[in-house]
Amino acid sequence: MITAVEVTRSYRAAAGVVTALDGVSVEIEPRTLTVLHGPSGSGKTTLINILGALDRPTSGAVLVDGADITALSEAERDDLRRLRMGFVFQSVALIAAMSALENVEFALRIAGADRGGRERRARECLAMVGLRSRMNHRPGELSGGEQQRVAIARGFAHRPQVLFADEPTAELDTHTGMQVVGILRELTGEQEVTVVMSSHDPAIVDLADRRVSLRDGRIAAAEPGVRGGSP
Ligand code: ADP
Ligand code: MG
């Protein structure tokens, strides 16, 4: 379970101080798909980066299973990210010279997975995202939606507790985007992973278990999505 408590993040920019998040408190329910929703500049990326231990708040706390991760050393935060978190970004950033299978295996190696099990797990994850017949293709030989599915397989192969996806559908058409989110949602059941993603597309937001709306760095509304279940 991840909880943000009164998280504020400000940046010192040339024009003055910018407050990207202003007293945000949110609880992420385990094994659900939560979508952070809001217009450009509302603080979605900043919140994902802080929940994912890529960035620290200016004030406030981030609790992972009750422990405040903002108090950890850089080395401890690196371990937390590498072992317990997974990331999928808007720009897919697969390694162009490697096949889909090699990209996922490489991520498993970085996460410290046993050499013996890496190929089997990579194949299993690619099959789960519907790429059984594309494993030996390089990114340049795959469509945008297929590349994003490889990135998802790469993001959860090491069995993270939480998978963060910052606008993973931004560069896809709505239909492909909805398929990608469908896969993320299935993972919450099949892989028991918690998914936190951001989007500004209402069709995508409707697929969430829970949506958290951000406006100008503040929570505008947090409500259950179509599957309900959250208070
Ligand atoms: P979103 O992902 O919802 O588009 P962001 O979290 O990227 O929003 O940004 C929130 C606000 O913080 C914006 O006003 C943005 O300009 C500002 N911001 C983000 N990163 C920086 C930075 N490194 N320096 C200064 N301002 C920033
Ligand atoms: Mg963003």
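**Helix α3 and positive phi angles**

Modeller: Gly112, which comes just after α3, takes a positive phi of about 85°. Helices (H or I, at least four residues) and strands (E, at least two) are DSSP runs, numbered from the N terminus. The model is predicted, so that local features need pLDDT of at least 70 and side-chain atom pairs count only at pLDDT 80 or more, while totals for chains, interfaces and linings use all residues. Residues are numbered from 1 along each chain as its sequence is written, chains are lettered from A and ligands numbered from 1 in the order in which they are written, and side-chain values use heavy atoms, without hydrogens and water.

Helix α3 itself spans residues 100-110, and its buried residues are Ala100, Leu101, Asn103, Val104, Ala107 and Leu108. They lie on the same side of α3, because they cover an arc of only 165° around the axis. The arc is taken from the directions from the helix axis to the C-beta atoms. Buried means under 20% relative accessible area, exposed over 50%, and partly exposed in between (1.4 Å probe, protein chains only). The buried residues of α3 pack against α4 (115-128) and α5 (144-156), where contact means heavy atoms within 4.5 Å.

Most residues other than glycine have a negative phi. Arg31, however, has a positive phi near 55°; this residue sits in the loop between β2 (16-28) and β3 (33-37) and is partly exposed, at 47% relative accessible area. Asp216 also has a positive phi, near 50°. The loop between β9 (210-215) and β10 (218-224) holds Asp216, which is exposed, with a relative accessible area of 67%.
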